[in-house]
Amino acid sequence: MNVVSKGGGGGLAASRIVVITGVSKGLGRALAVEMAKRGHTVIGCSRAQDKLNALQSELSSDKHLFLNTDVRSNTSIAELARVVKEKRGIPDIIVNNAGIINDNKKLWEVPVEEFDSVIDTNVKGIANVLRHFIPLMLSRNEGKNPAGIIVNMSSGWGRSGAAHVAPYCASKWAVEGLTRSVARELPSEMAILALNPGVIHTDMLESCFGDSSMKNYPKPDAWAVKAATMILNLTPADNGASLTV
């Protein structure tokens, strides 16, 4: 693509096609807005159509694409991949951001349906995206390097543990393991990595710590500036890494 923008590191970079899951709020929404500001084409998905409409209106550009998609559904992600390829082409970057957390409870008090929802979204959701988008990236015939960068959003709790959020911690540990394993299956011109966003003042963390205890942590918009630069500067040399913003 010929369009250029001020990308990662402040230099000129070719405009990229960036797929971000879970763009209705929080980190996903902030990252989508930041990537769009830098001139990149954003394809976002969420289950909240009203919030997708609001984001499309805010960005006010037809080059972006926001689709109602459920990452928990393999069929839904297959359709997402088909539409993305048909309407925008093969993505350069995928950010698997969609995720949920369980209500603060001891493991044996978490309803089975809630446990399943966390795993289905945070782990199976990523697997569904990888299943359908990695083959797209592998199909490039342009000799691109990198041919594709995949970022799986992890957590500090994917590398440690905490009481009352065992399902969430388990899901993020799974993300770390899944990422390291898939990294061994990719060709040298691609990279997949796990990214811990750090402690950010989001609705998700408010549910754990309360609003007052989060007031000194950065908001998603401030985080997105740093995160976008980091993601845009990733290379195949980062394959299999566990990084932190």
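The following legends describe close-up views of a predicted model.

Local features are reported at pLDDT of at least 70 and side-chain atom pairs at pLDDT 80 or more, whereas totals for chains, interfaces and linings use all residues. Residues are numbered from 1 along each chain as its sequence is written, and side-chain values use heavy atoms, without hydrogens or water.

**View A. The largest nonpolar core has 33 residues.** A nonpolar core is a set of buried Ala, Val, Leu, Ile, Met, Phe, Trp, Tyr and Cys residues joined through side-chain atoms within 4.5 Å. Buried denotes under 20% relative accessible area, exposed over 50%, and partly exposed the range in between (1.4 Å probe, protein chains only). Within this core, the residues with the most contacts are I20, L31, M35, V95, V151, W223 and I231. At least two core residues come from each of β3 (17–21), α1 (26–37), α2 (49–59), β6 (93–96), β7 (148–153), β8 (190–196) and α8 (220–232); helices (H or I, at least four residues) and strands (E, at least two) are DSSP runs numbered from the N terminus. The greatest contribution, seven residues, is that of α1. Apart from this core lies another, of 30 residues, which includes I17, L80, M137 and I192.

**View B. V95 and its contacts.** Contact means heavy atoms within 4.5 Å. When neighbours within four places in sequence are left aside, V95 touches V19, I20, T21, L31, V151, M153 and I231.

**View C. Helix α1 is largely enclosed by the rest of the structure, because nine of its twelve residues are buried.** The buried positions are L27, G28, A30, L31, A32, V33, E34, M35 and A36. Their cover includes β3, β4 (41–46), α2, β6, β7 and α8. From its first C-alpha to its last, α1 reaches 17 Å, close to the 16 Å expected at 1.5 Å a residue; the expected span is 1.5 Å times one less than the number of residues. Just after the helix, G39 adopts a positive phi of about 95°.

**View D. Strand β4 and its parallel partners, β3 and β5.** Six of the six residues of β4 are buried, so the strand is largely enclosed by the rest of the structure. T41, I43 and C45 lie on one face and V42, G44 and S46 on the other, and both faces are covered. Strands pair if DSSP finds at least two bridges between them. β3 and β4 are joined by five bridges, with I17 opposite T41. The chain passes from β3 through α1 to β4 in a right-handed β-α-β crossover; right-handed means that, with the strands pointing away from the viewer, the path from the first strand over the helix to the second runs clockwise. Four bridges link β4 to β5 (residues 65–68), where S46 faces N68. A right-handed β-α-β unit is likewise formed by β4, α2 and β5.

**View E. N102 in the loop between β6 and α4 (112–138).** N102 counts as buried because its relative accessibility is 1%. Beyond neighbours within four places in sequence, N102 is in contact with V110, E114, V118, H164, V165, A166, P167 and Y168. The C-alpha atoms of N102 and C169 are 9.8 Å apart, although 67 residues separate the two along the chain.

**View F. Cysteines C45 and C169.** C45 is buried at a relative accessible area of 1%, and C169 is buried at 6%. The structure contains zero disulfides, a disulfide being a pair of cysteine sulfur atoms within 2.5 Å.
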